Amino acid sequence: MLPARDRVAGLPELKGLTVAQLEQVFLDLGQKKYRAQQVYDALYVHRIPDVHGMTTLPADLRALLHERFRTSSVELESLQHSEDGTKKFLFALHDGRVIESVLIPSEMVEADGKPRRRTLCISTQVGCNLGCTFCATATMKLARNLSAGEIIDQFLQAQLHSEQPITNVVFMGMGEPMNNYDNVMQATSILNDQRTLMVAPRRTTLSTAGVLPGIVRMADEGRIIKLALSLHATTQETRVKLMPIAKKWPLDQVLETLDYYYKKTRKSVTYEYIVFKGLNDTLDDARRLGRMARRLPTKVNLIPFHEIDFTHPTGFSAELKPASPERFQWFIDRLREEDVRVLVRSSSGLDIDAACGQLALSAS
Ligand code: SAH
């Protein structure tokens with residue numbers, strides 16, 4: 001007989017399926033269709049981690065599901081706690097690969113001292129093939145896409161380790177969500193389903209390095225989750241050095257696509273912008289960024305560069321340095337003069353390599 005873990009690894013996932021897909025599963029098993037809604041509710045409304053706990057189902061059906069399906073899509077391997085309250089989860093997948101998710105409490109607190117928001121940063125791929133020169137995940141290359149079940153299970157498992165409900169989700173962990181569009185959107189449809197009360201669409205953000213067909217698709221499909229774009233430079237010349245994907249989809253096309261997105265959806269867009277010392281932090285950059293920001297309703301999320309020395313960068317990557325705190329503040333002031341709405345991304349989890357762009361598995 002196979003050891004328990006290997007037996008389970010070969011089975012299809014129960015998580016990540018829509019009600020319609022679950023109905024098909026039950027019909028194929030020769031069962032009644034209405035069981036689909038019961039299982040869906042057990043997984044996402046009551047969040048029962050194991051089929052044995054799904055007492056709305058008869059015992060023989062629970063046994064059948066246990067035999068035929070995997071209820072968990074990701075398994076917690078380790079949990080690291082940062083001094084600032086951030087938690088980094090290392091999850092094992094059925095094929096032995098691992099991914100990370102990060103739970104970040106907001107700095108703002110309610111009257112009772114509890115953080116106002118708890119944001120879960122979710123991975124969408126194992127590794128990434130975009131090769132951004134400043135990002136640790138790029139050093140892993142791409143192993144594969146995550147399934148919808150693996151995406152949604154990061155939320156369910158992380159919630160078990162948070163006393164308060166997770167309030168926001170950002171697809172800003174490992175991977176490029178637009179390159180795994182269907183699975184990300186399927187997981188999102190369950191996350192955002194009013195019935196599951198997991199997280200509201202307006203508190204769900206997808207961040208892309210600029211995979212333009214994905215942005216067009218979101219606009220055409222009328223997706224109401226938020227869109228963030230990793231801009232990081234105000235000229236094509238600099239952007240292409242930082243992000244090789246800019247060769248395929250240059251900056252002027254990025255801006256035109258965002259215009260299209262706004263025209264179709266009337267939704268604002270967030271630009272993410274890492275401030276690098278001497279590279280994209282000049283007065284001209286602030287002015288150009290101002291012009292880009294005023295094209296449509298936007299926010300600019302400035303991110304301090306989190307050094308990725310632990311990946312032993314070489315060449316251009318090794319030369320990248322964060323702007324000093326004074327320069328960072330100077331850049332904020334210049335942008336505010338340009339009437340830009342500026343927010344600063346906190347560097348939560350820096351002490352446990354859980355901050356933006358630091359997700360890479362030293363073990364792999
Ligand atoms: N692939 C998507 C989402 C993952 S990254 C994207 O590119 O948008 C989430 C954010 O962290 C992106 O804005 C990314 O550019 C940024 N980031 C990556 N490496 C970083 C680093 N070393 N320091 C700060 N931010 C980083």
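How many nonpolar, polar and charged residues does the shell around the ligand have? I find 11 nonpolar, 8 polar and 2 charged residues in that shell, with Ala, Val, Leu, Ile, Met, Phe, Trp, Tyr, Cys and Pro counted as nonpolar, Asp, Glu, Lys and Arg as charged, and the others, Gly among them, as polar.

I note that this is a predicted model, in which local features need pLDDT of at least 70 and side-chain atom pairs count only at pLDDT 80 or more, while totals for chains, interfaces and linings use all residues. Residues are numbered from 1 along each chain as its sequence is written, and side-chain values use heavy atoms, with hydrogens and water left out.

I looked up the neighbours of the ligand (a heavy atom within 4 Å) and found 21 residues, the closest being Phe134, Ser207, Ser230, His232 and His306.

For polar contacts (N or O atoms within 3.5 Å), I recorded a ligand oxygen 2.6 Å from an N or O atom in the side chain of Ser207, and a ligand oxygen 3.0 Å from a polar side-chain atom of Glu272. The backbone takes part too, with a polar atom of Thr208 at 3.5 Å from an oxygen atom of the ligand.

Taken alone the ligand exposes 530 Å², of which the protein buries 96%, by the Shrake-Rupley method with a 1.4 Å probe. I then noted that E8, E10 and E11 each give two or more residues to the shell, these strands being DSSP runs (E, at least two residues) numbered from the N terminus.

How values were computed. A polar contact is a pair of N or O atoms within 3.5 Å; within protein, one must be able to donate a hydrogen and the other to accept it, and residues adjacent in sequence count only if both atoms are side-chain atoms. Helices (H or I, at least four residues) and strands (E, at least two) are DSSP runs, numbered from the N terminus.
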